[in-house]
Amino acid sequence: MMIRRGAALLGELARGTLQLLYPPHCYLCGAPIEEGYICNDCYEGLPRIPLEGPLCVRCGAPLADPQADICGECANRPWFFDRARSFGLYEGGLAELVKGLKYRGERALAPLLARYLLEAGDFFKYTEALTFVPLSPLKLRERGFNQAELLAREMSKLTGLPTISTLVKVRETEDQTALSPAERLENVRGAFAPRGVARFSRIGLIDDVYTTGATAEECSRALKEGGYEEVYVLTVARAGGRQND
Ligand SMILES: [Zn+2]
Ligand SMILES: [Zn+2]
């Protein structure tokens, strides 16, 4: 029992301090690597969403029909955001990397995931600044960092765009994971408010995961209330898979 617990603890420890071990090991499969955080095989195996599509022009959902250019949801509802894109699907190695940053506090994964954000589209060419989905003050104290802010700040280093804090979370929300799409929207409705006056007109909103779009939508609503004219949402991963229409 003690031995098993000891081994599990060692594994945890290795995960938590991977970048300090030498030689470095792939965060996902444990294979030795020369540099970076994941090996080539794991990188190649990430569930990318191909930029060449077919993708929904609005929300970036991968579409099954090669002739289609908008998903069923976007055809039927307006969004406050102008466009949303994600690097890949929230599954496999990509989900592990996102969870590593968010739940295991592996901040060293932020620069890696920021590079993936750059591969998810050229939206940063249109935007004048980057911002991020805020956490409530309580959540920020609990977690110690905001993963969306870390991603935005790493993207700033890569693009030269400033990261600015433009939103406040004005009330606590429930964890979205167990909620239905309709409940998610209700859960985040009115949860975000603009902070100060808009200093730019086109802004990129960074988050780790896009699921139903409810959080992106409410943040975009607040950004537009705050005076931003165009909002481009960029997330590392998209949950929910492929849209059939
Ligand atoms: Zn690997
Ligand atoms: Zn769509």
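A disulfide is a pair of cysteine sulfur atoms within 2.5 Å, and by that rule this structure has zero disulfides. What you're looking at is a predicted model, where local features need pLDDT of at least 70 and side-chain atom pairs count only at pLDDT 80 or more, while totals for chains, interfaces and linings use all residues. Residues are numbered from 1 along each chain as its sequence is written, and side-chain values use heavy atoms, with hydrogens and water left out.

So what do some of the cysteines do here? Cys 56, Cys 59, Cys 71 and Cys 74 coordinate the zinc ion (ligand 2) through their SG atoms at 2.3 Å; donors are N, O and S atoms within 2.8 Å of the metal (3.2 Å for Na, K and Ca), and water is not among the atoms, so sites may look incomplete. Along the sequence, these donor residues follow the spacing C-x2-C-x11-C-x2-C. Ideal angles for four tetrahedral donors are 109.5 degrees.

Cys 56 and Cys 59 are both buried, meaning under 20% relative accessible area with a 1.4 Å probe and protein chains only. Cys 26 is buried too, at 2%, and Cys 39 counts as buried at 10%.

Conventions:
Chains lettered and ligands numbered in written order. Buried < 20%, exposed > 50% of the residue type's maximum accessible area, 1.4 Å probe, protein only.
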